[in-house]
Amino acid sequence: MHLETIQLHRFPQTFIPFISQLRPRLHSKSITFRSTKCLNISSSHAVPSLPDNQIIIGCGMTTVDFLATVDGYPKPDDKIRTTSSKVQGGGNAGNALTCAARLGLKPKLISKVADDSQGKSILEELEADGVDTSFIVVSKGGSSTFSYVLVDSQTKTRTSIYTPGDPPLMPDDLSRSMLLSAFEGARLVYFDGMSIETALFVGQEAARNNIPILVEAESPREGLDELLKLAGFVVCSAKFPLAWTQAPSIPSALVSMLIRLPNVKFVIVTLGEDGCLMLERSTNEDVSVEERNLESFLELLYKEKDDSLAIPTCISSVVRKFRSDGIGTVCGRFLIGTAEKIPDSELIDTTGAGDAFIGAIMYAICSNMVPEIMLPFAAQVAAAKCRALGARTGLPHRTDPCLASFLC
């Protein structure tokens, strides 16, 4: 199998229009797309225009995170000292929408906090980043959601202890008129998989209004199946596809997911430092499209990875019929996205890296980015986040020169 490889180094500004012209042609053949870690572009470089439709809706969790960095995770009865600490907003939906706002979108968040000091700080931080909080329910009494997060500076891992807010967000908290107001002009609705009963209520209303839906799937839970049936896009954790489908491998599980979820246009599984894997459905029903055994094909595709590269890359196949024995056949394209190899001295905290990835995916959908650009772009945004403590400190703004090659 031959794959054409396109490598982009530190190209001058005169190459930026060329890259823009190249994007529409990226679907035509199998390629490896390699981004640059950071372009040397002067501060006078004009920031590209925003997508025509910038409004997105997020429904899910927003929290306060109490973060502490330690030299090693404590053993029972240990007393240890923090090396750094931070109190910052968190939660999947809160983080993902903060990321999207910094990239230039106009997010609205549907969530719930209490009228306590933590709830007040949650709202103030979101508003400061440009997230519309007018659809967040504030309960009288109760407590806002919070988490304790220990970041091990030696192993570069983090341990989170989550305390849910009370009372939780329920469908009765949201009127139909409120939702219609939130949905006005929306390009996309995102669900982080929390508060499933409420998410399904909101999702059904979004579907009735023909608004595309992105669902994040971390782990199987009651009610999630119904929400996934409404989705046009799915981003899931490494453990979800196998647990949900009982397939023998992640690629086979992605085929199973597209078969079980006929409305889904693509599904992405995030694999941490191993990048991600994406299966994009094709509407091409041409009988001449080649059918390939899934496992043997992906074995060849993975051989195209250049493990010496530190920058995010993407390898894509042409449209094929992928056959997974015992599961079925799907017509589409597989794409392999790699993560940035962050030097150990620069890797601070992975908290919220997946949320940053999803925030970038939402921007990419609104911008109609082709997947070959979308996956390295999302990896670049997630890598920037990992260079600072907390889920939001390192989230880049659209003016960050490291994103210039993607936003031209």
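In which helix does Ala93 lie? In this predicted model, Ala93 belongs to helix 2, which covers residues 92-102. The relative accessible area of Ala93 is 0%; because buried means under 20% relative accessible area, Ala93 counts as buried.

The surroundings of Ala93 can be described residue by residue. With neighbours within four places in sequence left aside, the contacts of Ala93 are Cys59, Gly60, Met61, Leu109, Tyr190 and Asp192. One of these, Leu109, is 16 residues away from Ala93 along the chain, and the two C-alpha atoms are separated by 7.6 Å.

Attention now turns to the nonpolar cores. The largest of them contains 52 residues, and the members that touch the most other members are Ile268, Phe357, Met362, Met369, Met374, Leu375 and Phe377. Helix 10, residues 353-366, gives the most to this core, contributing 10 residues. Apart from this core lies another, of 50 residues, which includes Leu254, Val255, Val269 and Leu301. In soluble globular proteins, nonpolar side chains tend to be buried together.

Beyond its neighbours within four places in sequence, Phe357 is in contact with Val235, Ile268, Thr270, Cys276, Leu375, Ala378, Ala379 and Ala382.

Helix 11 comprises residues 371-385. From the first C-alpha to the last, this helix of 15 residues reaches 21 Å, close to the 21 Å expected at 1.5 Å a residue.

Methods. Residues are numbered from 1 along each chain as its sequence is written. This is a predicted model: local features need pLDDT of at least 70, side-chain atom pairs count only at pLDDT 80 or more; totals for chains, interfaces and linings use all residues. Side-chain values use heavy atoms; hydrogens and water are left out. A nonpolar core is a set of buried Ala, Val, Leu, Ile, Met, Phe, Trp, Tyr and Cys residues joined through side-chain atoms within 4.5 Å. Buried means under 20% relative accessible area, exposed over 50%, partly exposed in between (1.4 Å probe, protein chains only). Helices (H or I, at least four residues) and strands (E, at least two) are DSSP runs, numbered from the N terminus. Contact means heavy atoms within 4.5 Å. The expected span of a helix is 1.5 Å times one less than its number of residues.
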